[in-house]
Every structure is written in structure tokens, then in C-alpha cells.
Amino acid sequence: MLSSLSLLALVASTSSPVLAATAGSFADGGNTLVSAMMMFLGNEQKVYVLDKAEGNAAQVAGHPAWGSVWDIASHQATIMDVRTNVFCASGMHLPNGSYVTFGGNGAIGRGGAIGSQRNPSGNGAWDSEYGDFDGSKAIRILNPCTSSDNFASTNCQWFDQPELLSMQKQRWYSTAEALADGSLVLIGGFVNGGYINRNYPNNDPQFEGGAAENTYEFYPANGRGVQALNFLIKTSGLNAYAHSFLLNSGKMLVQANVSTMIWDYNNNIETPLPDMPNNVVRVYPASGAVSMLPLTPANNWNPTLLFCGGSDMPDEAWGNYANPAIDTWNYPASADCQRLTPEPTDGSAPAYEQDDNMLEGRTMGQFILLPDGKMLVINGGLNGTAGYATETGQTLLYGDMPFGMSLASGPVGTPAIYDPNAAKGKRWTNAGLGTSNIARLYHSSAILLPDASVLVAGSNPNVDVNTSTIFPTEYRAEIFYPPYFSATTRPAPTGMPKTISYGGDFFDLTLPSASYTGSANAAAGNTSVVLVRGGFTTHAMNMGQRYVQLNNTFTVKDDGSIVLHVAQAPNPNILQPGPALLFVTINGIPSNGTMVIVGSGSMGQQPITAASSLPASVLLDTVKGTGDGSPSTDQNNQDNGASGSHTGAI
């Protein structure tokens, strides 16, 4: 870790009571102090929050704050100092559990004006009022700390000194994706601009007069320079926050505009795949909900991507850097969903597959992978796009803009749940789910918490803090409790490890009889052990989010306990090295998650060992759970449950 770190100020805080959990409901999550444009789970106790540099009332080191840390137990936030402007940065975990963010905007002042001191290029170097420095090349690193640590220590603070550590290029709205060795690839972005990454007409798709950065680089660079990426030139204009996913082959799926490719990033070789059907754009500012489906032994951990929502506006309607050409808030968001398996194992060519439409059109909807293997979509609007503006090509005066600066309308307050294993036509439901009355539009975010609830925060479709407009700067946080919170009994495994390797000896977890009800055999046969990585969330996406189910068998004991024999992770292409939550689910009811480090904890080639053979499962017909208070043995119980394991081979 670098020795010189920026200072943390424990200056301001706020709290709220922790409310009882009701399945399907939203509960008060306190106040994040800065609007949660970005979030990530640092450990089992803390969520870190980042905002753009703006005029927040919370102050730190003599300037408005745009960083905080939110305590899971108390719902109390504490201000943190971040030096550079994080506006629309990208971010990712590192193998040791640290997090890193990349790029952002130049320094700005009140009302989004360029900072009072300018760089030779013309963007802001520093602002005398807001105190922010140019973040366009910044690399910021944070080592998450717990409540027992000294948050005044430099070890618990953001390192944010671009004069010592920075990217090779300016990147705003770039994408970060982790590689199998724990290093990262950084893709594209704006140099400067606004709504979309192009001028119109688009006569200079590669450079856009110097405003587009259609290149990629690595972190750490290790001598590797910047290279042009033809895919970004092809998708010019609609390639901000390109959707990128490491595949089992070690290559990468990249999707932007309506184009798709498999990319060999080591050799910069692009293999085109079919275009997105129905002309639906999923990247910012269309901002569809996009996620990898859960990786399980049943699908041999082979990735399938799900793309839902966004916008099918015609190309000319997107306008240019300044603003859209149409009144986007009148244009319905798409409800279309498509699946894509980039590397089919049956030898067939990759092809998009029409999936069930969402229950409503959504822009800025966000997928959260839940530990029961289902997928929550939350936040967003019925109409329009992400972004903000003071005018469009059709509404030329800010005073005539019906929703302030927002380019979206119709907040969707009711989440929905997608079941990837349900039959077609039956994959979506919102039955029993509550509705939030807080608009979660541009710059909203959500992330899975260790107790398997979901933290929802942010929303700020405004150039600076505005608490009086129709869609204001939002500081209130909420906790959403998925349907499994209706369970009166939750698994309570013991023996949870702190590290997971790639292959090697299996490990045992023990579930006491009080962790379940009914037949022990049935419970054991319907138990899964899963790793869920929530990722780095911003702009309706979670960079690095993955769900990986581990192979397991079991032994049912005569006291009603169940011993799970659990294999290690398959390989680092399936789950890159770094932090994840380890859950045990019984009949779809998750335990609390335990934070583990997957891999060596260091950057570099990860040790991979052959998987050890798991013991055969052992059933015991007369045993049942005591979660309902009943005894653990029942001589009349002859239910032998499921066949005995969740195993697969790579």
C-alpha cells in the first residue's frame, strides 16, 4: 500500500433506528450525508459511499464532502475526505479486498462551473470554493476498515494523490473489469463532454475533436501502453460505461451501443457477435439493467448475460455531448430482455435469445444478485434516460423543462424479481413487494448487504445540490428486504472460512438442527453454498458483480445437524481473485454472509490446484430440523429428500 495517504475527518454523522425486517418492504436506512452516486461493500460492517464534487452541506477539511462510510449496524454515516472529483468514475475490487476507483471529472465549482484554477487543456485543476482537484486521471485506493480500527489512521483513508498515482489517459464514464490475475483493464470514457460521447453529425468517431478516449489501458500498467479499441470507434457516442464481463476462456464479452464482441484483450483481437435485437441500447445513458446470471454446477459455470430495459430511441434522438435531440422524458423506456451465452458449450454460434419482458419499461434499473439465485431489479424510471441537462433539442429553455434537469420521468418505486430457472413466461414477479416513495433516478445505487438485504441510496439528476426541485438531491437511504425475510428460521452455519482457494482440499461447514425445519434429508438436498460479489455500483450497474455456487455434498448426523462438504472455487476466470460474501442457503433461505478473500490475496498468477473428490452424501431418514422447536428425531419420518449433492465438473 502507498505510504502517503489523504486525511480522513470524522466530522459529521447521522443515524436512525434499525427497523424490524418485513419481507418485501422498504425500511429507513438513515442518511448517507453525500448523495450515493457510487457504493461498495467494504467488509461485514461498512459500506463506502462516493458522490461527485458538489455543494453538500456536510463539510470536511474546510470544503463540501463527497465521500462517506455508512455503518451497517447503526445506519450511521461518517464523512470521509476525497481530494479529487469522483464524478462518473469507474471502480473495482483488488485481490486483497481493497477497492480502487478510476478517473472522473475535472475540478468544478458551484453550479458545475469549471474550477477556479484551470489546467493548460482548459478543464479544472482545482476549485477555491469546493476544494476539489482534477479527478480525470486519478487512481484512488481504499483499504476497508472495521469499527475496531482507528479511522483517523492513514490506513483507513482514501489514498487520492494523482501526482503520485494516475492513469495514462483521462477517463470519465470508463469501465473497469477485473482479470484472472487480479489486474484490471480500463475501457474507454470521455475526456470531457456531457450527455453522450460524440458530436453530431458524427464525422470524427475516433477522437470527437479530442473529447473521446476510445482506448484501453491496464492497472497496474506494468509497462503496457495505451491502445486504441476499434469497438469503441464503431460504437462511438453510445459506449460510456461499456458492459464488460470476463469469460471462462479468459477473453471478455463487451457490449455497447447495439454492438457486441468477444475481446482478446492480450492481443487486442475483436470477434464480432450479433447486434442487440430491437435496436435497444443498454449502456449509459440508456442505462439498462445488465448482469451475468448465477454461475452454478448445473450450468458448468458458463456465463450467460441478461440485458433488460434501456432505450430504443433512434440514433438521431440521442443528440450529442450537449444534450439529447428530443424530450426524452416523453419517450418510454424499453421492457425488452435478451439473454446471451457468449461461449456456448454445445458448439453452436452465440446468439441473443428473447427472454420474458420486464413487468414495465425501465431506464436506470439495476440488477442485484441475491443469495437464493434470483435477481432483484430495482430503481429507475418508466421514461427517458439517465443524465441531466438544462435544455433539449425540443425544449430550449430550462424554465420549460417539466422535471427540472432530469431527462427521465415516472420513477419506478416497486422492484421486481427475476427467476433465471423458471419457465419462460413465468420469470418475473413483483407479488408481495412494497413500493418506495423515494424517486431513484440518475445517480441512484443499490448493493447487497451481508444479511442478504439490499441497501438502496442516492439519486441526483442535478448539476449541483438541489433539494427543492421535483427530483432532488437525495441523501435518504433505504433497506429493501427480499421475500426470504419472511422465514422464521435462517441457516446458521459454523466453520465458515476466511479464504477460498482455486481447487484444493474441500472444507466442511456445519448446520445445526435449528437452522431448518422438516426433513433433514430434504433440507440437505436443497442446500447451496454460494459466493456473491456485489461489485462496485454506479450508474445502474455493479462492476464485478458475480454469483458462483460451489460444489458440495453432505452428511446428515443423528442429532439433526448437517455437515456440508464444500469444494473450493473453480478457477479465476469464473471468479476473479478478491472479496466476496459466502452464504449457505436452505430451501432458498440464506444465512448471513461471511466476507472471504477468494484467491491468494495478491495480484499475479493465481495458484490453481486440482479439485479434491467430495465424499458421497450420507442420508438419515429419521432426522429433522428443530427450527420450529420440534425434536430432531422422528421415527415416522421416511422422507429421504433430494438425491444428495450439488456437484458439477468444469
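1. At 5% relative accessibility, His75 counts as buried, where buried means under 20% relative accessible area, exposed means over 50%, and partly exposed lies in between (1.4 Å probe, protein chains only). His75 belongs to the loop between β7 (67–71) and β8 (77–80). Strands such as these (E, at least two residues) and helices (H or I, at least four residues) are DSSP runs, numbered from the N terminus.

2. The model discussed here is predicted: local features need pLDDT of at least 70, side-chain atom pairs count only at pLDDT 80 or more, and totals for chains, interfaces and linings use all residues. Residues are numbered from 1 along each chain as its sequence is written, and side-chain values use heavy atoms, with hydrogens and water left out.

3. The side chain of His75 has a polar atom 3.4 Å from the backbone oxygen of Asp28. A polar contact is a pair of N or O atoms within 3.5 Å; within protein, one must be able to donate a hydrogen and the other to accept it, and residues adjacent in sequence count only if both atoms are side-chain atoms.

4. Strands of a sheet pair through backbone hydrogen bonds, either parallel or antiparallel. In this model, an open sheet of 3 strands has the order β9-β10-β13, and its pairing is antiparallel. Because β9 (90–93) and β13 (139–142) stand at the edges with a single partner strand each, one side of each is left without a neighbour in the sheet. From one strand to the next, the twist averages 20°; axes are lines fitted to C-alpha atoms, for helices over the stretch in contact, and angles run from 0 to 180 degrees between N-to-C directions.

5. Strand β10 (residues 99–102) runs antiparallel to β13, and 4 bridges join the two. Two strands pair if DSSP finds at least two bridges between them. Val100 stands opposite Ile141 in β13.

6. Most residues other than glycine have a negative phi, and most peptide bonds are trans. Ala61, in the loop between β5 (59–60) and β6 (63–64), has a positive phi near 50°. Ala61 is exposed, with a relative accessible area of 61%. Glu208 also has a positive phi, near 50°, and lies in the loop between β15 (184–187) and β16. At 3% relative accessibility, however, Glu208 is buried.
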